[in-house]
Amino acid sequence: MAITPKRSIAILGLWLALVAAVACGGGGGAPAENGALGANEGYHHPMVGRAAPDFVGEAPVGGWLPLVNLRGKPIALLIYKPSAPFARELVMAIGAHRNDPDLVPTVFLGVATDTMENIKRFGAESGDALPTLRDPGTIALSYGVGETPSLILLDSKRFVRFRLDGFAGARFRDRVAAALDAIRKLPSLGSGEAPNVAIEYSTRPRAPIVTGRDLDGHPVDRGESKGQVLALVFFDQECPHCQRDLPRLAQAVRALRGRGVRALGVSSRDLDGRMRAFLHEHDVDFPVVIDPERENFRRFGSTNTPDLFIIDREGYVRFREHGDRPDRAEITALELRLALGDDPKALAATLPMGRFVGDGVCAACHEREHRDWLMTPHSIAWDSLAQGDKFRDPECVRCHVTGMGQPGGFVSPETTLQMVNIQCEVCHGMAGGHAAGGHAAGGHAAGKAVGGAAHAGSPGVDPDAMGKVCVSCHTGKFVLNFSLDEALPLVAHQDHP
């Protein structure tokens with residue numbers, strides 16, 4: 001019998017009710033140290049106090065469950081691989097405490113990185129001790145979980161309060177005991193609050209102050225840029241990504257310098273005294289601060305270079321970009337103009353017709369929709385392909401990239417890495433032509449133009465037209481449990497997928 005969207009939602013609701021079964025009883029009180037834990041584990045893990053990364057996982061009964069659906073409840077989250085040593089013992093040890101009502105409304109939830117078939121088999125073998133979602137490929141990565149299981153306890157506001165990894169070997173029993181003790185204390189730990197300055201990709205906090213001296217020894221005063229847009233980039237001379245990206249940034253800044261845009265670089269050292277030569281070689285003509293103690297890096301939470309912040313005239317972080325990509329100059333120019341206050345609709349009308357521009361350009365205006373996309377399997381389509389040898393087969397590649405063989409589209413991962421994955425333009429068509437009434441669905445990886453799917457700013461989306469785009473790839477031998485009726489609501493951007 002086919003599962004209709006309504007029946008799928010009903011089944012998912014019943015499964016969610018099962019997920020909400022609670023943990024065993026226990027007393028409150030302050031967390032106590034445990035001999036099984038190290039200095040940076042448990043209540044003192046570096047992740048404690050931070051907002052938990054959001055995610056959406058696939059339920060075994062069908063449908064997708066976002067973490068946001070569990071708002072207002074403490075969560076005991078176990079991320080694991082069913083094939084990992086001690087995984088079954090750990091799941092059963094934790095799951096055995098779900099049905100005691102003393103800790104209402106704590107939710108027990110597993111996230112497994114495996115195929116749905118293996119997850120269901122593992123659930124049957126463990127007596128379905130722990131309701132478990134399938135990780136589409138992004139959850140363990142966003143939490144930094146590797147081969148061994150990790151237990152992460154979240155308070156009712158989804159802040160991390162406890163984390164313990166390394167459930168294996170001789171310390172297994174002690175660590176399980178420490179984990180269960182923490183679960184009992186979870187409801188008594190209260191709720192966390194957001195830090196004063198949380199630098200996140202999709203938020204706009206006030207930028208910290210940059211201090212230091214430029215290469216001429218002059219002190220840097222951010223006050224000089226008040227009322228201007230600042231492009232602040234953290235980089236290292238020996239970083240190959242920085243060497244490729246800095247010239248693109250400099251190009252974008254020069255074009256808008258007359259409108260009040262300036263740039264500032266921050267590097268931790270002047271390698272071999274060659275910083276001036278390095279800047280000249282890479283066509284960089286903006287001042288650079290040497291930050292030997294990496295104080296500025298720490299203030300901005302910058303750990304990987306290049307790391308670019310676009311700070312608006314009021315001193316708020318408007319955009320943040322990590323790493324290098326071939327279209328950096330185009331993306332940075334668009335972000336700088338948005339930070340200057342240019343009309344987004346007028347900017348959209350200038351996007352080039354007849355070629356793909358990539359998700360980085362789309363995300364500058366469509367931030368919420370881009371966040372939705374990041375939680376779908378579309379956003380990791382290339383990663384799933386690259387794990388085997390299928391990335392060598394053009395028939396497979398065309399459905400895991402954007403605009404293959406078309407102007408601006410995917411050519412190879414070496415030259416057009418920014419066009420991997422199933423991006424915005426696969427469903428909505430090439431980004432040019434906003435002023436003419438929005439996108440038409442088409443321009444997708446298969447290269448077939450399909451009209452009718454409306455741009456996000458239009459009254460709605462034509463399911464028939466969008467469906468033709470979907471089935472151009474989700475067809476024949478490449479389909480695994482694909483249902484168009486269930487798939488379309490997951491990518492509608494009306495709520496989290």
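So, C399 and C473: both of them are buried. This is a predicted model, keep that in mind. The two cysteines are joined in a disulfide, with the sulfurs 2.1 Å apart, and the structure has one disulfide in total. Where do C399 and C473 sit along the chain? C399 is in the loop between α14 (394-397) and α15 (424-428), and C473 is in the loop between α16 (463-471) and α17 (484-490), so the bond ties together parts that are 74 residues apart in sequence.

Okay, on to a couple of other cysteines. C362 counts as buried, at 12% relative accessibility. Then there's C365, which is in no disulfide either: its nearest cysteine sulfur belongs to C362, 9.1 Å away. Is C365 buried or partly exposed? Partly exposed, with a relative accessibility of 36%.

Last stop, an arginine. R134 is in strand β5, which covers residues 132-134. R134 is buried, at 18% relative accessible area, and the cut-off for that is under 20%. What does its side chain pair up with? The side chain of E58, through a polar contact of 2.7 Å. If you skip the neighbours within four places in sequence, R134 also touches several other residues, including W64, D114, M116 and I119.

Terms used: Residues are numbered from 1 along each chain as its sequence is written. This is a predicted model: local features need pLDDT of at least 70, side-chain atom pairs count only at pLDDT 80 or more; totals for chains, interfaces and linings use all residues. Side-chain values use heavy atoms; hydrogens and water are left out. A disulfide is a pair of cysteine sulfur atoms within 2.5 Å. Helices (H or I, at least four residues) and strands (E, at least two) are DSSP runs, numbered from the N terminus. Buried means under 20% relative accessible area, exposed over 50%, partly exposed in between (1.4 Å probe, protein chains only). A polar contact is a pair of N or O atoms within 3.5 Å; within protein, one must be able to donate a hydrogen and the other to accept it, and residues adjacent in sequence count only if both atoms are side-chain atoms. Contact means heavy atoms within 4.5 Å.
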